[in-house]
Amino acid sequence: MSAKLIDGKKVADITMNLLKEDVENWVSAGNRRPFLKVVQVGNDPASATYIGAKTRACKQVGIDTDTTHLPDTVSARELKAAIRSFNKNDSIDGILVQLPLPSHLSSHDVIESIDHRKDVDGFHPMNVGRLTVDQPTFRSCTPAGIFELFQFYSIQVKSKHAVVVGASNIVGSPMAIMLSRENTTGKATTTICHKFTKDLTTHTIAADILVVAAG
């Protein structure tokens, strides 16, 4: 079987154009333009880069967005109070708290303060739970993007042996869940490897599908 190049940029461009069309149709039907609230704590350069990319993507597809920038000295109480105000604001459709947070803040605690119906990252325990039992929910973006590639290139997942390297809550764990669930895109036999896995090579060379989410 010859190798097939998976062109993520090509798929992203097509997806963005489709999203732009969906948003404009939604607005043309008399609905309010979708709005994403981004929360940044501190001045981590990588976080600023990610937020910039997300802001540009929103602008490209016609989604309104705004970033609330809080100092790295903000208390958990102050941060969660801000998030609760965004939860109650009906003009805000999605909330994204950029990770990582400063060490004195618990990301789990902060994420749980987001209304799960606005948790576009898919990190809230309610959304993770719904993902686990095959219910419609927000999905972690990197695994969701990988499944978009599977679908675009007609890569069959069913009955394949999938190996995921990395067990983070952001990529590895949701990826393994999505691969193994009995929905239209899953049904793979899935192995998840992590830093305590012995003889990683044995697992990776046995994989039909290998997803590396570590490092």
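## A walk through the predicted chain

Read along the sequence, the elements of this predicted model come in the order α-β-α-β-α-β-α-α-α-β-α-β-α-β. Its radius of gyration, taken over C-alpha atoms, is 19 Å, close to the 17 Å that the globule rule (2.2 Å times the number of residues to the power 0.38) gives for 215 residues, so the chain is as compact as a globular protein of that length. Helices (H or I, at least four residues) and strands (E, at least two) are DSSP runs, numbered from the N terminus, and the chain holds 8 helices and 6 strands.

A word on conventions: residues are numbered from 1 along each chain as its sequence is written. In this predicted model, local features need pLDDT of at least 70, side-chain atom pairs count only at pLDDT 80 or more, and totals for chains, interfaces and linings use all residues, while side-chain values use heavy atoms, with hydrogens and water left out.

Let's start inside, at Q98, in the loop between β3 (94-97) and α4 (107-112). Q98 counts as buried because its relative accessibility is 6%; buried means under 20% relative accessible area, exposed over 50%, and partly exposed in between (1.4 Å probe, protein chains only). Beyond its neighbours within four places in sequence, Q98 is in contact (heavy atoms within 4.5 Å) with V39, S47, Y50, I51 and K54. With K54, the Q98 side chain also makes a side-chain polar contact at 2.8 Å; such a contact is a pair of N or O atoms within 3.5 Å, where within protein one must be able to donate a hydrogen and the other to accept it, and residues adjacent in sequence count only if both atoms are side-chain atoms.

Now for the charged pairs. Side chains of opposite charge can pair when their charged atoms come close. The whole structure has 6 salt bridges, each a side-chain nitrogen of Lys or Arg within 4 Å of a carboxyl oxygen of Asp or Glu. One of them joins K9 and D13, with closest N and O atoms 2.9 Å apart; these residues are 4 apart in helix α1 (residues 8-28), and therefore separated by about one helical turn.

Another salt bridge links D93 to R32, also with a closest N and O distance of 2.9 Å. D93 lies in the loop between α3 (76-88) and β3 and R32 in the loop between α1 and β1 (35-41), so this pair ties together parts that are 61 residues apart in sequence.
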